Amino acid sequence: MKEIWIVEAEAVTGLGDSLDDLWTALKQGKSSIDTVERFDTSSYISNYASIINGLDLKNNADSSRADESMITGLLSRLSSSINPLPNDCAIITATTKAGIDIFDKRSKCEDNSCEALYLPGLPRHAARQFGGSQNGFNVSSACASSTAAIAICGTMIKTSMIDAALVVCADLVTEFVFSGFSSLKALSGQPCQPFDKARSGLTLGEGAGALLLMDSEKAIEQKRECKGVLAGWGMASDAAHITAPARDGRGLLQAMTKALEMAGISKAEIAGIVAHGTGTVYNDAMEMTAFNSFFDNAPPPAYSIKGSIGHTLGAAGGIETAVCLKILEDSLIPGTCGFITPEDDAKGLIASKNRRINGNAVMTTNSGFGGTNAALIISNNSKKKAGK
Amino acid sequence: MITAHITGIGFVLPLCCGMGRDFSQTAPQISDAQSENIPDKRGLPKLSPTETLGKPHTRFGRMDDFSRVSLSAVAFAIRDAGLETREERLGAGIFAASYYGCLQTDADYTLTMADSPSPGLFAYTLPNTFIGEASIIFNLTGPGIAIQDENPFSSIALKTALAHMHVSGDQAVIAGASDIIPDGLESNRARTINGGLYFTLEKNRAKDRSYGKIEYDGKGLRFNNSKTDNLSSIKESCIKTLEAKQK
C-alpha cells in the first residue's frame, strides 16, 4: 500500500511569513487579530480581522499594480521558502474566493485581465510562482476546501494518477467576504473565542499554506525528508442545511470515521485534534457534540487556531495541517487564544494553556457551508524508510 | 483499473434539459455548442422544481442561475439512475467541475454591497452551495467537491470521482460539469458553455440499469472499451448504447 508523505510545509499568516514564525507565535499565545483598516467597516457588525502586513496594493509606488489582487503578493511570499518541486509535480489549489478583492475595486469583470478572479486561474498562477505542472485545478469545498484538496491529492497519489502534488491554499480578508459574513450575523463583535461559553461569532483572517505531498517511494528516491504522513482522510456531507451545521455533527462524525478506517489506527491513538473551532455558537457546539460522540466522551486535547489568526476560510485546512506537523514534532498542542470559560462539553477538551501530548497521530477537521465536512489524520510514524 | 457503471445522465443544455432515458435527438452536442456559433444569450430552458427535482422546492426560485442549472442537471442524473427512490442512497457524493462557477453571482452580490448586502445571495457565492442543496434534497451524505478547471467539460470530475470511489470504497458518485458564463465575458466563452451535464456512477448495479462501464487506469478514461476524454462524447455513447439495447 502506498504511503503518502508530507515533505514540505509552509504558511503565511498574520503571525508571520513562515510556518516556524506561526508556530513560535502560537506557542506564545499571540494573536494577529486587530481592527481592520483595509476598508471601512462602519456598516458591519465587526471591525476585527487578522490581516497580513504589507499585502495591500493601494499605497504601492507602482500605480500599474493598484488593480491587481492581493493574492499575487500572498502567493509570492509563500513561494519564497519552498524548496524546488519534483518534476511533473501537480499543483492543486484550494480557495473559496481567490482574488475576489478585485470586486472590491470594481463590480464586474470585463476582460481577461482578471485572472485572479477565476478560480481555475489560481493553479495557473501558483504554477508560475512555485514551478510545477500547468495542468492543475482548484478545489472548492467552502471552509473545508484545502482539507478536501489534501484528501483529493492523497487519492490521486494512491491511485497512481500522480506521485507528487503541491497543495497551495489561500484566501484573503476582503470587503466582499466581510460584508457577507456580517450580513449573515456570523461575525463576532470582538476577537473570536472558540469553544468559549461567551463565543458570539467568527473573526475573519487571511493566509496561505503550501504542502508538498509525495508517494513515499518517490520521496525516498529523491532523499526528501518525511515531515509527516497523511495517514487517512474522510469527507462527508451533513445533508441538513446550507449555511448551518447539522447539530448532531453527523457529517463530521462520518468524515472522522472514514479517516480513522483509512489510517488503520484506533481512536485511542489520536493524541490531539486541531478542530475547525470558528467561534460561532453552532459550529463549536456541533464539533463538541461530534468529538465527544466519536471519542466515547473521552476526546483527546483539542485546539482551535482561529483565535490567533482568524478564520482563513478555504486556506484554513492547509494551514492547520501544517500546524499538525509542528504539534507532532514538539508533542505539544497550543492553548486556544480567546478561550476563557469553557462550555460544559468543552471542559478538558479545550484549554487556554499549551498542553503536552503523547502519541504519533493527530486529527484535523474542517466544516463549511453546504454542509461539507472533511477530516485528516496526520502521523509521524512512517512505516517506510525515512529520507535524509 | 478503476471501473464503475454509468447509471444515470442529467443535462441542462441550450434549448433542452432532461435525463438520459428521455434524451431528445434535437439536443445539441457540447462540442457543437463550443463552436463560434453559440448564441449570445444563454438560451437555457426555463427550469421548474417539479420538473427537475420531481417535487416542489421553496428555495429553487431564489437560487442564482448557476446553482439552479447545476442542481437541475444533478437531479436529473440522480433520478435517471433511480437513486432518489432507493432507501439507501449509497452515501453518494458529488464531484462538480466548472470554469466560472458562481462568478456571475459574485458580481450580482457585489451590487448589493453598497446598500444592504444580501445574505441570501451571499450564501450562493460559493461554487459548492448547489451541492449542499442537492445533498439535502436527495439525502446524499458523500463528499461535496467543486473543482474549477480550465476545461470543465473534459473528464476531470469523472477521473477524480472514480479515483475517490476506488480509495474510499463509496458505492456511488454523481460527477460532471456545469457553468454559467458571466455577463460581458464574451472573449472567454470558448473555455466552457452555459449549462450542466452530470453522470451517476455506481460500482455495482444491475446490468439493465447501466449505460455501460467506465474505466480509469490512472491516466485516461475508457467507456465501453473506447477511449474518451469529454463528457459530451460519453453522453453520446451512453445514448447509443441505450438505443441499441432498446432495438
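Begin by selecting B:Asp170 and A:Lys258, whose side chains meet in a salt bridge with N and O 3.4 Å apart. B:Asp170 sits in the loop between H7 and strand S5 (172-179) of chain B, while A:Lys258 belongs to helix H8 (residues 250-263) of chain A, so the pair joins two chains. Both B:Asp170 and A:Lys258 are buried. Keep in mind throughout that this is a predicted model.

**Between the two chains**

Next, select B:Glu150 and A:Arg124, a pair whose side chains form a salt bridge at 2.1 Å, N to O. B:Glu150 is in the loop between strand S4 (144-148) and helix H7 (156-168) of chain B and A:Arg124 is in helix H4 of chain A, so this pair too joins two chains. B:Glu150 counts as buried because its relative accessibility is 18%, and A:Arg124 is also buried, with a relative accessible area of 18%. A further selection, A:Lys97 with B:Asp106, shows a salt bridge in which the closest N and O atoms are 2.8 Å apart. Across the interface of chain A and chain B, the rule finds three salt bridges.

Now colour the two chains separately and show the residues where they touch: 53 residues of chain A and 56 residues of chain B take part in the contact. About 4200 Å² is buried between chain A and chain B, and carbon and sulfur atoms give 64% of that area. Which three residues supply more of the area that chain A buries against chain B than any other three? Select A:Met161, A:Phe176 and A:Ile242, which supply 15% of it.

**Helix H4 and its proline**

Return to helix H4 (residues 121-130) of chain A and select A:Pro123, which lies in this helix. Is A:Pro123 buried or exposed? Its relative accessibility is 2%, and because residues under 20% count as buried, A:Pro123 is a buried residue. Leaving aside residues up to four places away in sequence, A:Pro123 touches A:Ile91, A:Thr93, A:Gly136, A:Phe137 and A:Asn138.

**The two domains of chain A**

Colour chain A by its domain assignment, which gives domain 1 (4-221) and domain 2 (231-378). The centres of domain 1 and domain 2 of chain A, taken over C-alpha atoms, are separated by 20 Å, and the contact takes 58 residues from domain 1 of chain A and 61 residues from domain 2 of chain A. Between them these domains of chain A bury about 4600 Å², with 69% of it on carbon and sulfur atoms. On the side of domain 1 of chain A, select A:Trp23, A:Phe195 and A:Arg199, the residues that lose the most area to domain 2 of chain A and that together make up 20% of what that side buries.

The rule finds four salt bridges across the interface of domain 1 and domain 2 of chain A. Select A:Asp330 and A:Lys27 as well, for their side chains meet in a salt bridge (3.0 Å, N to O).

**Helix H11**

Select helix H11 (residues 316-330) of chain A, which has 15 residues and reaches 21 Å from its first C-alpha to its last, close to the 21 Å expected at 1.5 Å a residue. H11(A) is mostly covered, with 13 of its 15 residues buried.

**The nonpolar core**

Finally, select A:Leu22, B:Ile6, B:Phe199, B:Leu201 and B:Ile214, which touch the most other members among the 90 residues of the largest nonpolar core. The element that gives the most to this core is H5(A), with eight residues. Domain 1 (4-221) and domain 2 (231-378) of chain A both give residues to this core, so it lies between them.

To finish, select helix H5 (residues 145-158) of chain A, which has 14 residues and reaches 20 Å from its first C-alpha to its last. H5(A) is mostly covered, since 13 of its 14 residues are buried, and H5(A) is followed by A:Ser160, whose phi is positive, near 65°.

Terms used: Residues numbered from 1 in each chain as written. Chains lettered and ligands numbered in written order. Predicted model: local features only at pLDDT ≥ 70, side-chain atom pairs only at ≥ 80, totals over all residues. Heavy atoms only, no water. Helix = DSSP H or I, 4+ residues; strand = E, 2+ residues; numbered from the N terminus. Expected span 1.5 Å × (residues − 1). Buried < 20%, exposed > 50% of the residue type's maximum accessible area, 1.4 Å probe, protein only. Core = buried A, V, L, I, M, F, W, Y, C linked by side-chain atoms within 4.5 Å. Domains from an automatic or database assignment. Contact = heavy atoms within 4.5 Å. Buried area = accessible area lost by both parts, 1.4 Å probe.
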